[in-house]
Each structure stands twice: as structure tokens, then as C-alpha cells.
Amino acid sequence: MDWETLNSTECVNILNADTRRGLSDREAQKRLKKNGKNELIPPKKKNLLLRFLSQFSDFMVIILLIAAAISFVTSYLQQDADYIDSIIILVIVVLNAFIGLVQESRAEKAIEALKKMSSPHACVLRGGELRNIPASDLVTGDLVQLKSGDMVPADIRLLESHDLRCEESALTGESLPVEKNAAQRCPAGTALGDRKNMLFSSSVLTAGNGTGVVVATGMDTQVGKIAGMLSAQEAPKTPLQLKLAQTGRWLGLGALAICAVIFVMGLLQRVLPLDMFLISISLAVAAIPEGLPAVVTIVLAAGVKRMAAKKGIVRHMPAVETLGSASVICSDKTGTLTQNRMTVTELWTASGTAGISSADGQRVLALSALCNNSTQQNGHYLGEPTETALAEACRTDKSELDRQYPRVMEIAFSSSRKMMTTVHRLPDGRFRIISKGAPDVLLGRCQHTGVTAQAARKNEEMARRALRVIGVAVRDVASLPPRREDCEQGLSLLGLVGMIDPPRPGVKEAVETCKQAGIRPVMITGDHQATASAIAGELGILTERSAAITGKELDALPQQELEKRIYDYTVFARVSPEHKVRIVKAFQARGEVVAMTGDGVNDAPALKSADIGCAMGRGGTDVAKEAADLILADDNFTTIVAAVKEGRGIYDNIKKTIHFLLSCNIGEILTVFVGFLLGLPTPLLAIQLLWVNLVTDSLPALALGVEPIEWDIMKRSPAKKGESVFAGGMGYSILVEGCLIGSLSLLAFTIGRLFFDTAPANPIVGRTMAFAVLSLAQVAHTFNMRSRGREGKAAESRATRRSRLGAAAAICIALQSMVIIFPPLAAIFKVMPLSFGQWAIVAGLSLLPLLLGEVERRWNRRKRVDSVKQQARWQRYKKPR
């Protein structure tokens, strides 16, 4: 029902309300039983066991579980009680499941935050008497009385209003309190912030009083609809999660295909099925980087810690990486891009534009501070935002002005009069009448037509720039006029004061940085189009190549049409929560990774539906914080830029980690697969491959994962949403590097088996040498990965990077040596101590990747230099156009 379109009598009749006595207790109980309590209903909580089991749905995890099961069955059939492979795999899988469970976001928290915002009590007319009842017991048709300072307990159609103003910024995004008028009727389709005859649940009355009839409770209120949207909205998977899932599927399918091929080939060669199971397990273990989930988790955790130091509190770890992939940032205006605090920015007097600190300017501000009902508390002014802005801009303390010029009379502001007048006693016994208000009203009460004509033109010019303009006029009299209304005649206009909710410091620079980084900044606000466009233009969000659109215009656009035209707009004004979700989904439909910032209840659904939601920590509501992935502790939009930079650095390092781990895994696959094809004994056992994947791979990978962010990271375009993690030639590099590592391991195995093993059927020396070379060659390969893309400036010194990676390499070498040298460990891993000569061969083969990597780097550097020289020569000799 569009209650705002009806008059008060029609609303009362439809609801069967009684304006004289209110509802009877019996009728109220009947309606309460029918419609339920005035509370928000949380969604059904997922069963803890089901949420835990859902963590095992990843394809790579399923393959690992199959490998563990096969390993267990094989060990049981062989009756050797060697279950360590199965145990290690299961420990990894269960640990990752617990990590995923801890990270999981739950929508019921947002609903609980909404419930906290609800008013605990309401003053209601029941059975002819006023009662103070729990707000949860309100029903439609109840008559509610409200006064300044009350929180609105339900959605209410006003029946009476007296200078009523309501602060609705958390719901609509409008920074100023809204004037309410019970007598007004709104046309169909009126935006939420323009429904002057309605009060909405969770908003707060800042002035006046009134009476209204409850038209909606609980989930039927505007806040309830937002709660319903939160329950229905599913947070999308992050780009990293999608790409890792895609990688896992390819790895898993590849492992299954190789295992199937090799199993069939083995059967054709009359190899025992049990032996083929063992080889298949080795291949499955080699194909899947078991340490990858743990490494990614630790890298993200390190990013979370760094973000916390920069005032960004990450609620879900993958959110850091998602910000790095963001291609669109949809930002709320009030409290996010702006300070959510009205500020005087411009003054005009009869002599022209005046500085705020000038004598003329301060005189106008001093008079406006006298005609002002704001109060001081702990050094801050409290009251209506416009009045506090005027008092703060005046350099003379308001209490001192009130002492010097005591007030003797006031004609209060009202929405119909649009002005306020106060009378003050001057030291000489005369009286000063001060009026302030809307210039179009005030100018009609002023003399000196020349000045008022100039003021009218200036008022129009300031209003076009979305400034809120207040006129200030004065009149000194020897005695007070006999009638109060005569005080407001024959005034002399002193000046016009322009104010606005100004942008936050540093936001303009942050917007420019976003543009350089290939990120599209977009403003989405519940405020008026003129105000939004002015702020967006000042910040560089709205340009000549983009436009602004209102929520009413959005309603006329079908979603498919909005998706086609979404790039035409950078400002969306006067929008509702539903509009915000539509805008986010339209960008997502075009393949964009969308970050949404906001602080109000009205932002919560869009925060949750976006790829990443960023809420304000200080000024943000609990609802917005619970729906978000990232909370900006300092409420500063510029922190978003730091978060994007951090996210890009993390994604860069994770790509580098994946590159390293997969090239190592291809080396392992090649070693086992080629060994089988050549009819050799298995070069590497499953437990040896697990050790390499979990220890000597993972520690260097972690060092790569915490590499410093590259200097030009914010001058690159964001990674495309559908782009493969192997794009840009990474897949080819992985294959070549993997073949090199695998070849060196096979060479070490062959040398050990032919020259040092006494029993070629059980090549323990060959396996030990292959095991050592595989592990140590991968450690050396880590330094090749570190050197990639480090030709320019860097965020940290090379010494720092080398020491971090050097420490990881030293630990890996020590651990690998212990496994081979220490007899109890050697027995577990089925290896034996090597002689000095054998270690020398292992060292020589292991260092080859580093040597070849250095040759490749020098060759590439020379090619780049030659290319630059050739281009310079071409520029020198080519003919001018």
C-alpha cells in the first residue's frame, strides 16, 4: 500500500483505527496474533555440521580424499601398516575445512544488528489512554505519539505534525534532517527520502512532535524489507576463489586422466594392479599442490594484518584479494565521500563575496550564531546541522555572544514560514532583531531593492552549485513593535551564507588514483541530484563524458536496458536500497568486479551483493558493518586506495606462488610419469612427494607470498574477472620450468641407480638423489621467481627480500638434509645417507635452474635494451607528418 499517496482520513479508515481512543486491547491482541510481533525475523541458521561438510565440496579436496582412500586401501591390502600418506592428506583437508568454516560469513549477524536498532518502547493510545509499551507489541492501526529525540518504532503515516524533522541518513543517505508534514500528499512513485508525510522505522526525530498511525510493522517496514533483501542475497565468490577452484578442477581432472592412462598402460604391460595403485597415488599426490590452500590462507592472513595497520579491518580474508581485482568502486556520498557535517564554505554581503575570516563575514556569522538554538557540550555544538555549522564558523564563542546580547524573544522556525527570528537586548538598551532563513522568503521582508535584487541573483547562482543558502537580515529598534509579526518587516539584508557537506580531505586524490589504476569510481546516494552532481563534479567522479541519473529514472529502465547503459552514468541520485542492488548487479553483468562502500542501513543489501562490501567503522551502522567484508576504521575513503593496492600486491604474490608451486608439481609428475614410461622403478614414492609439496615447496612459496608490493601496481589495469590465472604466458612458463625440474630429477635418479645402487630393482640411492634434487632444485627455482618483474623501483630493499627468501631456503635445505642424514627420518621416508660425491652431484644439478634463470634474465634484459635503441633510431629517422 502506498500510504504516502493517501490523506490521513483515508489511512485511518483503511486501517480501521480510532483517532479518539486508539485500538482496544482485544483488537490489538487479535492483530498481533495475525501479523506477528514488530520484530525482524532472522534467517534460518545453517546447521554447523552441514556448513563444515560443505567445505569438502571443492574439486581438489575431493581428489585428495580419493587419493587418501586409495592409499589407505592399498596399505591395508599390502598389510604393511604404512598409513602415513593417508593421515597427512586427511590432516591437510580437515585443517583447511576448519579454516573455511571460521571465515564463513553469516547473514543472521546483520539481522541481529538491525534488531538492535529498533526502538525498545513506544507511546501509544490504547483504549482511550496513553501507554508506554514495548515497541515489539505495536500493531498496524496503533496511534503513536512522538517527540524530538524519539526513535521511530515502526513505519508511520503522520496524522499531525508540529515543526517535525526526522534524521533518516542511515535509511536514505540524505545528510540533513527531513521536514515532515502530515497534511502533505505525495504522488505515486515518490522516492523514500521525499515522502514528507511518513516516518520510517529506525529513523530519529531531531525536532518537533507529532502523532501518527502505524501502517507497517516488523518485516513489512522499510527496514524489514532491507532485512529480507539481506537474507535473500548471497555473497558472490571472490575472483581468487573462482580462479583457485578453476585451477583445482584442471589439476584434478589432469591427475585423474594421467592416473587412468597410466593404470591402463600398466595393465597392458601386465603390471600387478596393486603396484599400479601405488604409482597412481604417487601421480595424484604429485599433481595436486597440497600446500597451496594453506599457503594462500597464510598469505591472505599476512595481508589482513598489514591492512589492519592501515585502518582497514578485514572480516573475511579473501576480501583483501578481491579489492585488488576491483574494477568499479560504488561509493555512498554521505559520510563516505563527504564528512556528513554541514560546513560554511561561502559568504556574500552587499559589498560582494566575503571571506569567512573577514570582518564582514564574521559579522554575518556572529548574527547567525545569535539567531541560533544550537548548544555547546564538551567543546562541540549540538543541534540542527545547519545551525551548528553557522555557530562553528563564527570565531566568537556562542555563549559569549549570548552573554553580551541576551535574547528577549524568539519567533521559532517552521516549515511553512521557512525562517526564524530572535530579538536581543543591546548594551545601550535598544533591541536588535535578527532573522535568518530561506533567501526567497527573507528577501521579501527586506528593504533596499537594489541589494535584494543582487542577493536574489547570487542565491540562484549558489543554489545551482548545490549549496544550502541561508539569508541573514537585521533591524535595530529603540523599542519592540506592538505585534510579533511586525518584527519581521523592514529588515536590512546583511548577507547570504552558503554551506555544504564537504568532501573528505584526500578523497579527490584517491579518486584520481583509482582512475589511474583503471578503476571506475561511481557515486550512489539517496541525496538530491543537484547536490550529488556538485560533489561528484568537484571530486572528479562526474565528468563531461558521464551523466547523473535519479532513482525515478532508474525505475523506468528495465534491468537489461540498465546493463546496456550502465557505463553512461557515474552518479546515481535519490536511489533506494533496491536501486543500489540493481546498479551493482548491472556492473557485475558486464564482467566488472564491484566494490561497494557505505555506512547506512540502506547500503547493507548492496554491500552484501557486491563482490566486496566496505563499511565505515566510525560513522557506519552495525547493519552495514555486519554486511560488509571490509571495515574502514577511520571512515576515510582514501583507505580504500590503500586496500586496493594491498589487494593487488597480494594477488600478484599469490599468482607468483601458484606459478612456483605448479611448475614444481609438473616436475614431480614428469619424474614419475616418464620413469614409468621408460619401465624404470618408481623414481619417487608418495610420501616423498608429500614431503616436497608440504615442506620444501611451501616454505619458499610463503616467502614469495609476502614479497613487497611492486612500485607500479596502481598504474596497471585490474585483472579481468574471467581472466585465467595462467594468462600472459604464465602457463607456458610453468610447463617449461616444470620440464626442467623433472628432467634434472630423472637425471639424478638415473645417475644414482646406474652408478651407485647395488640392486637396480630397489634403487634407494637413485631415489634419494632424485628426492634431494627435486626438493633443492625447487628451492633454487624460488630465486628465479623472486627476480621476475623487479627491474624497476621496489617498495623494499633487495637485501630485505633476499634475507626473507634466504631464510626460507636455508630452513628447507636443513630440513631436507635432516630427512636424508638422520636415520629415523630416513627410515620413514625410505632414503639413505649420501656420500660427499653424491651430494656434490645433487648440488650441481640443483643449482642449474638458478644458473639458467640468470642467463634468461640477462638475455631478456638485452632484448629490451635493443628494442628501446631500435625504437629510438626509428623515431630519429622517420619522416615528420
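Which residues form a nonpolar patch on the surface? The legends below refer to a predicted model.

**View 1. A nonpolar surface patch that includes Leu-848.** The patch is formed by Leu-848, Leu-851, Leu-852 and Val-855. Together these side chains account for about 340 Å² of accessible area. Leu-848 belongs to helix α33, which runs over residues 836-877. Its relative accessibility is 30%, so Leu-848 is classed as partly exposed.

**View 2. The largest nonpolar core, with 108 residues.** Leu-323, Ile-329, Leu-630 and Phe-771 are the members with the most contacts inside this core. Among the elements that supply residues, helix α26 (residues 638-677) gives the most, with 13. In general, nonpolar side chains of soluble globular proteins tend to be buried together.

**View 3. The surroundings of Leu-323 and a separate core.** With neighbours within four places in sequence left aside, Leu-323 is in contact with Ala-595, Ile-612, Cys-614, Leu-630, Ala-643 and Val-644. Leu-630, one of these partners, is also listed with Leu-323 among the residues with the most contacts inside the largest core.

**View 4. The tilted aromatic pair of Tyr-567 and Phe-587.** The count of aromatic pairs in the model comes to four. In the pair of Tyr-567 and Phe-587, the ring centres are 6.1 Å apart and the angle between the planes is 55°. Phe-587, at 0%, counts as buried.

**View 5. The edge-to-face pair of Tyr-569 and Phe-572.** The ring centres of Tyr-569 and Phe-572 lie 6.0 Å apart. Their planes meet at 65°, so the pair is edge-to-face; the cut-off for this class is over 60 degrees. Tyr-569 is buried, at 8% relative accessibility. Phe-572 is also buried, at 0%.

**View 6. An aromatic cluster of Trp-691, Phe-771 and Phe-829.** These three residues form one cluster. Phe-771 is also among the residues with the most contacts inside the largest nonpolar core.

Notes
Residues numbered from 1 in each chain as written. Predicted model: local features only at pLDDT ≥ 70, side-chain atom pairs only at ≥ 80, totals over all residues. Heavy atoms only, no water. Patch = residues over 30% accessible without salt bridge, like charges linked within 9 Å, V, L, I, M, F, W, Y side chains within 5 Å. Areas by Shrake-Rupley, 256 points an atom, 1.4 Å probe, with all protein chains shown as cover. Salt bridge = Lys/Arg side-chain N within 4 Å of Asp/Glu carboxyl O. Helix = DSSP H or I, 4+ residues; strand = E, 2+ residues; numbered from the N terminus. Buried < 20%, exposed > 50% of the residue type's maximum accessible area, 1.4 Å probe, protein only. Core = buried A, V, L, I, M, F, W, Y, C linked by side-chain atoms within 4.5 Å. Contact = heavy atoms within 4.5 Å. Phe/Tyr/Trp six-rings, centres within 6.5 Å; stacked < 30°, edge-to-face > 60°.
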